[in-house]
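Please walk me through this structure in plain paragraphs.

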Amino acid sequence: MMQFIDLAAQYKHLKNKIDKRIQAVLEHGHYVMGPEVQELEEKLAEYVGVKHVITCANGTDALTLTMMVLDIKPGDAVFCPTFTFFATAEVIAYEGATPIFVDSDEATFNICPADLEKRIQATIVEGKLTPKAIIAVDLFGLPANYPELQKIADKYNLKLVEDAAQGFGGSINGKRAGSFGDIATTSFFPAKPLGCYGDGGAIFTNNDEYAELLKSYRVHGKGKDKYDNVRIGINSRLDTIQAAILLEKLVEFPAELIKRNKVAENYNKTLAKKYKTPSVPSGYVSSWAQYTVLSDNRDAEMMKYKEQGVPTMIYYGTCMHQQTAFRYLACQRLTFPIAEMLASNVFSLPIHGYIEL
Ligand SMILES: *Cc1c(COP(=O)(O)O)cnc(C)c1O
């Protein structure tokens, strides 16, 4: 049967190079914060086009470290899309701050700038919380509308965070995902566009002060070394072996990205009559973390694929405002019409760099 994301095919293609890189780590023995970690951070900075890259243990920690650097705390409001993966909203609540959910744009599935501005204004009028930041998500690989989001962030004096966990490799007019807003984060979970063989994550910023703070927070709030602790931090590092694997995968990544875009184009051609296929605005490039269509007959369509041996998935069937964990926020139902429509109609088809066309 066909794989939804064929990681084994990718490994087969890169086996010699990856095996060699892993072997080198086993032999030099610097398993934590070894030289491959710094090498990877430099290569990622070059690829994305930012000054600083700080790797960490996973994409959720990358967001948590970002919340720590931005001093997000109880009483703060942080705006994020309701149609996303749980981690985007979880990290806000984890700091004791309040996530304010925002509806989606119908065409791109990303956070809707107009709805965002309404919810910022409503939060200000209500006067209970201090608006602090926006976390936008590059959902399914498509960068969010950063030109508009940056204008709103500037207008209301909010920090803008790019959750590029799914967006690595995407771009807007040649500017790469990971370079938008004040700080951006990504995940190297195996199924993401650039994945390792376990958990991994990274943070991207051009801000020197943020970069210094991030390096401290990820190692127990270290000062001059990890036994000099100047603030409360966490332990969140990328393993050297994962960095070694990512170094080889990053070399192959541009070719995989071209392939993913070809697969998406093929899907567009064959599926546009049956479903609402993804729309990529002019100047935008998607990294196609998922190829997601809308159908008002989702269950039956997914069943047909299943019968043909083609796996499909639902990302996401539950919005954040519908999650049990966020019941305490007492979000009003029916105020997220687009996101709720998406949650009941989306399904995703297999996409990766090793599909035979
Ligand atoms: C995967 C994902 C994360 C979390 O990354 P992990 O590495 O799994 O912790 C955060 N945000 C979004 C949008 C994601 O898809």
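Lys-192 touches Ala-165, Gln-166 and Ser-187, when residues up to four places away in sequence are not counted; contact here means heavy atoms within 4.5 Å. This is a predicted model, in which local features need pLDDT of at least 70 and side-chain atom pairs count only at pLDDT 80 or more, while totals for chains, interfaces and linings use all residues. Residues are numbered from 1 along each chain as its sequence is written, and side-chain values use heavy atoms, with hydrogens and water left out.

In the model, Lys-192 sits in the loop between strand E8 (183–187) and strand E9 (201–205). Helices (H or I, at least four residues) and strands (E, at least two) are DSSP runs, numbered from the N terminus. Lys-192 counts as buried because its relative accessibility is 18%; buried means under 20% relative accessible area, exposed over 50%, and partly exposed in between (1.4 Å probe, protein chains only).

Ser-187, one of the contacts of Lys-192, belongs to strand E8. Ser-187 has 7% relative accessibility and therefore counts as buried. Leaving aside neighbours within four places in sequence, Ser-187 is in contact with Gly-59, Ala-165, Lys-192, Leu-194, Gly-200 and Gly-201. The side chain of Ser-187 also reaches the backbone nitrogen of Phe-189 at 3.0 Å.

The next topic is the division into domains. The assignment gives domain 1 (7–102 + 112–249) and domain 2 (253–349), with bounds that come from an automatic or database domain assignment. The contact between them takes 36 residues from domain 1 and 34 residues from domain 2. Their C-alpha centres lie 23 Å apart.

About 2,700 Å² is buried between domain 1 and domain 2, and carbon and sulfur atoms give 66% of this area. Buried area is the accessible area (1.4 Å probe) that two parts lose on being put together, summed over both. Thr-82, Phe-83 and Phe-140 supply 27% of the area that domain 1 buries against domain 2, more than any other three residues. Between the two domains there are 14 residue pairs in polar contact, both at pLDDT 80 or more. A polar contact is a pair of N or O atoms within 3.5 Å; within protein, one must be able to donate a hydrogen and the other to accept it, and residues adjacent in sequence count only if both atoms are side-chain atoms.

Helix H4 (86–94) is one of the elements that give two or more residues to the side of domain 1 that touches domain 2. The buried residues of H4 are Ala-87, Thr-88, Ala-89, Val-91 and Ile-92. These pack against helix H3 (59–69), strand E2 (76–81), E3, strand E4 (130–137) and strand E5 (159–163). H4 is followed by Gly-96, whose phi is positive, near 85°.

Finally, Glu-248 lies in helix H8 (residues 240–271). With 14% relative accessibility, Glu-248 counts as buried. Apart from neighbours within four places in sequence, Glu-248 is in contact with Lys-17, Ile-18 and Arg-21. The side chains of Glu-248 and Arg-21 make a polar contact at 3.3 Å.
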